[in-house]
Amino acid sequence: MAILTRGTCVGVLYRANQGASCNTSGYCVHNGRLVGGVLSIDNNTIRVSRTVNNANLQQYRGIILSHLAINANNPSGRPRQQYLYFTTNQLRKVLRTPYYGSCQTATRDNVRDIIYPGECVGIRYYDVNANRYNVHLGRYLYWVGQRRHCILDERPQSTNRQFLRAIWYSHWILDPANPANIIPTPTSRSHAMGERRIFVYKLRIPANGQSIRIQRVPGSRQRPRRIIYQ
């Protein structure tokens, strides 16, 4: 177990009655970027720790996870930002997402459209077979064109998109051998799997004092509250 700092890419194992990321035993997994542990919450403010001790989750009221979801009403498939709130009684595990690969890792939140290995991302793609957009979250590893590349340049003037054929990332999935566990795995989104219009977004962390809408899992978004880090 470990002390997880704000901004860490994590997988969350939790209990819920239903959900697309759940098994028949009621265990579910979400991937995303850790915002922090909830210390207190009222009608106007959420006080959040800058670190989370994943060996003692009971000391928090829950955790907040930066996450992305597809907006069904947006024909461009652009995902919407979410701040998911998992209560303490739901939580089972919060684990750091491992990094696989030889690329040098970096985290540069101030550089929005250049993706560095090791950053926590959402990968939006159009599934030709299902005829819809989807988004998967995890820790970026590298992209593949005619060869393997470490840094992905998503800026409009970049030619990376012209050659991109696959994106590799690591994330957590439910353990098929143990319904109450999650395991990490590297995986990809690729043209070879019938996936097109692949685009990578960095997961954002709200600034101190920023107003955000948290969303219980499962549940709807709540009223705006200011987030205060402690």
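Author: Contact means that heavy atoms lie within 4.5 Å, and with that idea in hand we can read this model, which is a predicted one.

Reader: Which residues is Ala 2 in contact with, leaving aside its neighbours within four places in sequence?

Author: Ala 2 is in contact with Val 52, Asn 53, Asn 54 and Arg 96, once those neighbours within four places are left aside. Take Asn 54 from that list: 52 residues separate Ala 2 and Asn 54 in sequence, while their C-alpha atoms are 5.9 Å apart in space. Ala 2 itself belongs to the segment before β1 (3–5).

Reader: Is Ala 2 buried, partly exposed or exposed?

Author: The label partly exposed covers what falls between buried, under 20% relative accessible area, and exposed, over 50%. Ala 2 has a relative accessibility of 28%, and therefore counts as partly exposed. Phe 163, which lies in helix α1 (residues 160–163), is also partly exposed because its relative accessible area is 35%.

Reader: What does the secondary structure of the whole protein come to, and what is its radius of gyration?

Author: The protein has 1 helix and 19 strands. A compact globule of 230 residues would have a radius of gyration near 17 Å, and the protein, at 17 Å, agrees with this. Of these 230 residues, 52% count as buried.

Methods. Residues are numbered from 1 along each chain as its sequence is written. This is a predicted model: local features need pLDDT of at least 70, side-chain atom pairs count only at pLDDT 80 or more; totals for chains, interfaces and linings use all residues. Side-chain values use heavy atoms; hydrogens and water are left out. Helices (H or I, at least four residues) and strands (E, at least two) are DSSP runs, numbered from the N terminus. Buried means under 20% relative accessible area, exposed over 50%, partly exposed in between (1.4 Å probe, protein chains only). The radius of gyration is taken over C-alpha atoms; the globule rule is 2.2 Å times the number of residues to the power 0.38.
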